[in-house]
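Colleague: Could you walk me through a few local features of this one? I'd like to start with the loops and then move on to the helices.

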Amino acid sequence: MNFKNLMLRAKAGSREAEKNILMLYKHLLLKESIRYGIFDEDLYQELCITLIKCIRKFRI
């Protein structure tokens, strides 16, 4: 499945598609969740939530 179809499914509310997108960006989310050399779990969770919100608002 291509990324556009995955985005369309996620935007339509598919939890599986959202999960797949989160997995695609997991390494970036983890990287951005490290502050001062320490992994911040709360920041990681907030970034995941923000990504899902952005997917839902994104116009294709």
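Colleague: Where does Tyr36 lie?

Modeller: In this predicted model, Tyr36 lies in the loop that runs between β1 (34–35) and β2 (38–39).

Colleague: And what is phi of Tyr36 near?

Modeller: Phi of Tyr36 is near 55 degrees, which is a positive value in a residue other than glycine. Most residues other than glycine have a negative phi.

Colleague: Is Tyr36 buried or exposed?

Modeller: Tyr36 is exposed, because its relative accessible area is 84%, and the cut-off for that label is over 50%.

Colleague: Switching to α1, which of its residues are buried?

Modeller: The buried residues of α1 are Leu6, Met7 and Ala10, and they sit on the same side of α1 because they cover an arc of only 100 degrees around the axis. In general, an α-helix has 3.6 residues a turn, so residues three or four places apart point the same way.

Colleague: What do the buried residues of α1 pack against?

Modeller: They pack against α2 (15–24) and α4 (41–57).

Colleague: Which residue caps the N-terminal end of α1?

Modeller: Asn2 does, with a side-chain oxygen 3.3 Å from the backbone nitrogen of Lys4. Just after α1, Gly13 takes a positive phi of about 110 degrees.

Key: Residues are numbered from 1 along each chain as its sequence is written. This is a predicted model: local features need pLDDT of at least 70, side-chain atom pairs count only at pLDDT 80 or more; totals for chains, interfaces and linings use all residues. Side-chain values use heavy atoms; hydrogens and water are left out. Buried means under 20% relative accessible area, exposed over 50%, partly exposed in between (1.4 Å probe, protein chains only). Helices (H or I, at least four residues) and strands (E, at least two) are DSSP runs, numbered from the N terminus. The arc is that of the directions from the helix axis to the C-beta atoms. Contact means heavy atoms within 4.5 Å. A polar contact is a pair of N or O atoms within 3.5 Å; within protein, one must be able to donate a hydrogen and the other to accept it, and residues adjacent in sequence count only if both atoms are side-chain atoms.
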